Structure formats: C-alpha cells, structure tokens
Amino acid sequence: GEFDERIVHDVQGMWSLFEATQLRIREDDILEEAHEFTYNKLKSITNQLDPSLADQINQSLALPLYKTISRTRARSYMSFYERYPSHDKVFLKFAKLDFNMLQKWHQKEVGSTTKWWKKSELATKIPYARERIVELYFWPFGMNSEPKYSIFRRVMAKVVQWMTLTDDSYDVYGTIEELELLTQAFQRWDVSYIASLPECYKAVFDAIVEICDEIIELSAVGGESNLVLQCIKQALSHYVQGYLVEAKWYHDGYIPTYDEYKVNGAASVGHQLLTAMFIALGGFATKETLHWIYNNVPVMVHASALVARLVNDLATRKYEQQREQGVSAVGCCIKQYGFSQEEAYEFIKKDMNNYWKDMNEEYLKLIEYIPRPVLDCILNLARICEFLYADGEDKITDSALFKDNIKELLLDPVVV
C-alpha cells in the first residue's frame, strides 16, 4: 500500500519517521519507501514552517542526525531547543555546563598533541610535513568524545597526524622504488629496508614505531599486548599496501575499474587500523574482539571505510583534477560503466547509502558479542567523513570551511 497523505500534517512525526528510516538495511522495501516519501514531503513544506523548525529539518535532510557526530549534533540542538518557549531551563543549563566542561578537556588534548608535535621535530625532519593538529583532531574527537577515552584521543591524535605524513609520502613525495622499500619496512617492521633512503622516511617509520610502543604499554593491563601488536601490524600492512597500489596506478597512468578501486580504497582509508587502536586503548582488547578485527576485515569496517573513501572522492574530485593527482571513484566509475560525471555521482551516492545499510545490519548482528562502543566507533568513522565532506565541500583541504565548526566545538563555550 501507499503512505497516508494525512501524516503530512504531522511534521514532527514525519521528521521522526525520516530519521528512523536511516536505520534501514538492504532489501528493506517498506523503510526505503518511507524514506523517499518523508524526504520528498518534508522538502516540499519547509518553506511553510516556522524558520527555526525549517532550519532543523533542512539540516536533517542534508545530513540526517543519525549520520552526524554526537558533539556537533548536541551543539546544534541546544541552539534550536532554546528557541522553544516551553524549553526546560534547568535541563538546558546543565546541558550547556556539561558541554563546556568537556570542551575544556578537549582543548587540553589538542594542546598535548601540539606539544608532542613540536617535541618530535617531525616538521624539521620531514620537508613535506603539514601541521594539521586541530583539523586532524576531529578524527579521535569524532570516534568517541567521552571523557573516559581521553588517553585514546591523545594517542590517536598522534596517529592521524602520522597518517597524513604517510599519505603525503606516498601521494606526493616518494618515487615508486622508495615507496616499495618503505612499504617493506612497515610490513616487516624492519628499518633496515630504508637505510639507504632519505632521512625523512626513517622519521616517518620511527614515529609510528614510537606510537605503537606507547599503545602496547598503555594496553598491557589486559594481558593481550602481543595480540594487540599483531593486529596493529597487520592493519598497518594493509594500510600502506593500499597506498603503494594507488601510487603505482598513478605512476603507470592506469585507471582501475570502479570495483578494483573500491577494494583497494577500503584498505588505504585505514579504518581497520583505527578500529584496532580503539579496541586496544579503549579497554576492549579481549581475545574475542581482537581476533574479530584481526582474522579478516569485518564487513562493518569495510563498509565504513568505503563510505569514507567515496564521500571523500566526491568532495575532492575537482581539487585533485586541478592537481592532476591520482585516480578517484568518479573517474573509475565513468570508465567501468560509461556514465557521465553526473550519473557517476548519483551511482556513487546510492552505493554509499547501501554501505550505510550494511553497517546497520552488521551492527544488529554483532551487538551480542562485540562491545557497543567499538561498533559505535566504526559508525563514527563514517560519520566523521560525512561531516568533513558534506555538501561536496572539503573541510580538510580548505580549512576556511572548517573555521566555524572549530570555533563552535573546540574554542567558544556555549553561553550559559
């Protein structure tokens, strides 16, 4: 049957149903139909609503609440909630105080990472190093912002800065011969493979070794430090191998098929590595959880990685074309299917929606034996990228687009 048109008059109910449809899985025809119905109806009536409610719904239609980072969602909702005449003033005051207290905590973590960066002298040792401490902090910040995961965020802030150095090593700086040796050094955990290379490569290698030593020391309480190190090394191997493949494609002028590209793109995003590190530092390093992330790349991690890769490619396509840099999902999709650029964009967006459905389904399957914070972390990795590359914009490359978000979430307290 069809949806009753009378529910159009219940705007809040229709909006709630739209958000509920974000939890759909593949082959869920009823929720798929509900999503299309509520999206189209809400889109058509926003210009008839109270401006405050219309703003909230337009934000939700562009990026549903389910796909947003919890702290951005909280900061935005407080502003909207305050406009309601019937809002609970005491409840709102406590929410603001809580937000501001945790913001102070996050500021200290950014400061700690900045001190580490200066002390490491990586900016001097690596000529192409980019200092993006605040921007890159959004990865650990988005993965889990709760106070009890502060140690995780402090270490992970170093990891994502290292990942940027590695990205630039493979993407911009190294020759294929140098990158093959660097990849072997990472995969065999042996610095001797890069003994003949410029010192910058040794600096990149030494940085991750030091970070891994810190992770092992911090996770030793659970008694699984050897298995933790195996997991991290394996995930690290997959990560750098993905970069090497991309570098070879670019060097050879080879455009892979869309399917080939996705297989490799899921590895080079690094979600398996980031998830393994959250498991280790978050207090979840049991044999069961570590084997789950170690034996094969879990379907949920794979889907999260592909959402990240594809939304990144849609936003950075124009920028990378200008720099004549690498291959992207759009070009590979055009090659495999003969699409126009617009058709490729729509196809990829549909693919991304399907990977969200895969994550939803896997979450339901895994919740009985994988800790909920680990599953939430995997969802959050996709949410981070949905946020950073929303509306086809690249907040990482163009930091001016990021300025207001940084001020709201990390600098300016909420006025109580």
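The side chains of Lys262 and Asp351 meet in a salt bridge at 2.9 Å, N to O. A salt bridge is here a side-chain nitrogen of Lys or Arg within 4 Å of a carboxyl oxygen of Asp or Glu. Lys262 lies in helix α13 (residues 258-268) and Asp351 in helix α18, so the pair ties together parts that are 89 residues apart in sequence. Helices (H or I, at least four residues) and strands (E, at least two) are DSSP runs, numbered from the N terminus. Lys262 is buried, with a relative accessible area of 11%, and Asp351 is also counted as buried at 12%. Buried means under 20% relative accessible area, exposed over 50%, and partly exposed in between (1.4 Å probe, protein chains only).

The model is predicted; local features need pLDDT of at least 70 and side-chain atom pairs count only at pLDDT 80 or more, whereas totals for chains, interfaces and linings use all residues. Residues are numbered from 1 along each chain as its sequence is written, and side-chain values use heavy atoms, with hydrogens and water left out.

A search of the whole structure finds 16 salt bridges. One of them joins the side chains of Asp358 and Arg26 at 2.8 Å, N to O. Asp358 lies in helix α18 (residues 341-366) and Arg26 in the loop between α1 and α2, so this pair ties together parts that are 332 residues apart in sequence. Asp358 is buried, with a relative accessible area of 16%, whereas Arg26 is partly exposed at 34%. The side chains of Glu109 and Arg153 also meet in a salt bridge, at 2.8 Å, N to O. This pair links distant parts of the chain, with Glu109 in helix α5 and Arg153 in helix α9, 44 residues apart. Glu109 counts as buried at 0% relative accessibility, and Arg153 is buried with a relative accessible area of 0%.

The secondary structure of the protein comes to 20 helices and 0 strands. The radius of gyration is 22 Å, close to the 22 Å that the globule rule gives for 416 residues, so the protein is as compact as a globular protein of that length. The radius is taken over C-alpha atoms, and the globule rule is 2.2 Å times the number of residues to the power 0.38. Along its principal axes the C-alpha trace spans about 70 × 55 × 45 Å. Of the 416 residues, 53% are buried. Among contacts (heavy atoms within 4.5 Å) between residues at least 6 apart in sequence, 71% join residues at least 24 apart. The protein exposes about 19,900 Å², of which carbon and sulfur atoms supply 52%. Accessible areas come from the Shrake-Rupley method with a 1.4 Å probe; for residues, only the protein chains shown count as cover.

Ser169 has its place in helix α9 (residues 150-173) and counts as buried at 0% relative accessibility. The side chain of Ser169 makes a polar contact with the side chain of Tyr128 at 2.6 Å. A polar contact is a pair of N or O atoms within 3.5 Å; within protein, one must be able to donate a hydrogen and the other to accept it, and residues adjacent in sequence count only if both atoms are side-chain atoms. Residues up to four places away in sequence not counted, Ser169 touches Tyr128, Gly174, Leu179, Leu182 and Val204. Ile176, in helix α10 (residues 176-188), is buried with a relative accessible area of 12%. With the same exclusion of residues up to four places away, Ile176 touches Ala247, Lys248 and His251.

Glu27 has a positive phi of about 65 degrees although it is not a glycine. Glu27 sits in the loop between α1 (11-20) and α2 (29-45) and is exposed, with a relative accessible area of 72%. Asp391, likewise not a glycine, has a positive phi of about 60 degrees. Asp391 is found in the loop between α19 (372-388) and α20 (403-411) and is exposed at 67%. Most residues other than glycine have a negative phi. Just after α17, Gly338 takes a positive phi of about 70 degrees.
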